[in-house]
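Dear colleague,

I am handing over the structure below, and after it I set out what was found. Please look through the sequence and the model before reading on.

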Amino acid sequence: MNQTIIRFEQVVKQFDDDAPVLKNVSFDIEQGKFYTLLGPSGCGKTTILRLIAGFTDATSGTIYFEGKRINDLPPDKRKVNTVFQDYALFPHMNVFENVAFGLRIKKLPKAEIQQKVHEALRMVQLSGFEERQISEMSGGQRQRVAIARALVNEPEVLLLDEPLSALDLKLRTDMQYELRELQQRLGITFIFVTHDQEEALALSDEIFVMNKGKIQQSGTPVDIYDEPINRFVADFIGESNIVDGVMIADNLVEFVGKQFECVDSGMRSNEPVEVVIRPEDLNIGPVEGGKLKVKVDTQLFRGVHYEIICYDAEGNEWMIHSTRRATEGQEVGLYFEPEDIHVMRFGESEEEFDARLESYDE
Ligand SMILES: Nc1ncnc2c1ncn2[C@@H]1O[C@H](COP(=O)(O)OP(=O)(O)OP(=O)(O)O)[C@@H](O)[C@H]1O
Ligand SMILES: [Mg+2]
């Protein structure tokens, strides 16, 4: 069991008289894991990092670090460091001076500064770049300087605010591997912010999916991908087909006028629900034997698969990822298994959702 290093308890953040930008946010961060805050622009991701770093105050609620309340602790007394989105490097200083800056302020002995800066640069694979000017570094290298500058203070928690968003796709993927590898090697806690769901799925031990100042769902990438709690999460994490349905009984759900076996239970009989099926869980085949009849509208080749868009008799759109081509205008059968159907309750809280899932295992 990992130790809790940061705890938010009912944290509210409100600027002036505006509506709160964080609404009763509670979570635990465990030591040594890679966390990602994922959500659309303006949902409150940076605000959470600023509260952890101490750059802003909570309006109400409590923030704990290693069990102690830190609401009033100044930023320089907190064992966290931030890598900002724009890196915030000093352009007129070379790499060494950028990384050494914080240690100089702390008035560490010269030899110790030397040793720590070299060590931090080694960790981000920039040994030998000490004398380089920032203006002579690539985007990816600058990013690594920014990480070295944060790591040199030996934080227990590293906060990373969309550090990869300025990089091109190839460099971004390389840096994702490097970040993940660095976090595992150092064993410190990373809290990473992104609005890129693929990045979140690839990097994280735990993801907090946020919307409008609330954490909608938290869990491992697999949990969140496989069992989204509501339409927002299902839509935000990957492509989804979402249709309205009715829960007939335990393990039996109705949608598009037909009843299907499923693996969800614990709902009221005839409760209205939303049903999610991922495009990669759908197959097409002969109409006879298929679970639903649909008509192929369009298809696009996406490199590894075809993305096929179909419509059912009620006009619902179905996206299918298939390695097999379809024919536009053709009627086909949709094939899926009971475990591919994910039933979502309206208005279910994360606690209620978790309790319901746990009851399946018993
Ligand atoms: N100093 C401030 N004064 C007033 N409102 C603010 C201030 N800082 C942030 N906000 C508001 O708080 C909300 C959350 O902002 P935040 O920066 O946390 O979003 P974000 O999730 O990081 O978004 P992005 O992905 O665009 O960076 C936004 O609506 C923003 O306008
Ligand atoms: Mg932000």
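I begin with proline 155, which, leaving out residues up to four places away in sequence, touches Lys79, Val80, Asn81, Ala150 and Ile188; two residues are in contact if their C-beta atoms, placed from the backbone, lie within 7 Å. Proline 155 sits in the loop between H4 and strand E7 (157-161), where helices (H or I, at least four residues) and strands (E, at least two) are DSSP runs numbered from the N terminus. With 18 C-beta neighbours inside 10 Å, proline 155 counts as partly exposed; a residue is buried if 20 or more other C-beta atoms lie within 10 Å of its own, exposed if 12 or fewer, and partly exposed in between, with C-beta atoms placed from the backbone. Its C-alpha atom is separated by 16 Å from that of arginine 104, which is 51 residues away along the chain.

Please keep in mind that this is a predicted model, in which local features need pLDDT of at least 70 and side-chain atom pairs count only at pLDDT 80 or more, while totals for chains, interfaces and linings use all residues. Residues are numbered from 1 along each chain as its sequence is written, and chains are lettered from A and ligands numbered from 1 in the order in which they are written.

As for the whole, the protein has nine helices and 20 strands, and of its 362 residues 34% count as buried. Its C-alpha atoms fill a box of roughly 80 × 45 × 40 Å, taken along the principal axes. The domain assignment gives domain 1 (4-226) and domain 2 (239-360), with bounds that come from an automatic or database assignment, and the C-alpha centres of these two domains lie 38 Å apart. The UniProt record, an unreviewed entry, carries the annotation "domain: ABC transporter" for residues 6-237; such annotations may be inferred rather than shown by experiment.

The largest nonpolar core has 87 residues, of which Val99, Ala148, Leu159, Ile191, Val209 and Val253 touch the most other members; a nonpolar core is a set of buried Ala, Val, Leu, Ile, Met, Phe, Trp, Tyr and Cys residues joined through C-beta atoms within 7 Å. Helix H4 (residues 139-151) gives the largest share of this core, six residues. Both domain 1 (4-226) and domain 2 (239-360) give residues to this core, so it lies between them. Valine 99, leaving aside neighbours within four places in sequence, is in contact with residues including Val117, Leu121, Val145 and Ala148.

Around ligand 1 are Phe15, Val21, Gly39, Ser41, Gly42, Cys43, Gly44, Lys45, Thr46, Thr47 and His195, a residue being near a molecule if its C-beta atom, placed from the backbone, lies within 6 Å of it. Helix H1 (residues 45-53) is largely enclosed by the rest of the structure, because seven of its nine residues are buried, Lys45, Thr46 and Thr47 among them. Just after H1, glycine 54 takes a positive phi of about 90°.

Two further residues deserve a look for their backbone angles. Most residues other than glycine have a negative phi. Lysine 107, in the loop between helix H2 (95-105) and helix H3 (110-123), has a positive phi near 60° and is exposed, with 7 other C-beta atoms within 10 Å.

With kind regards
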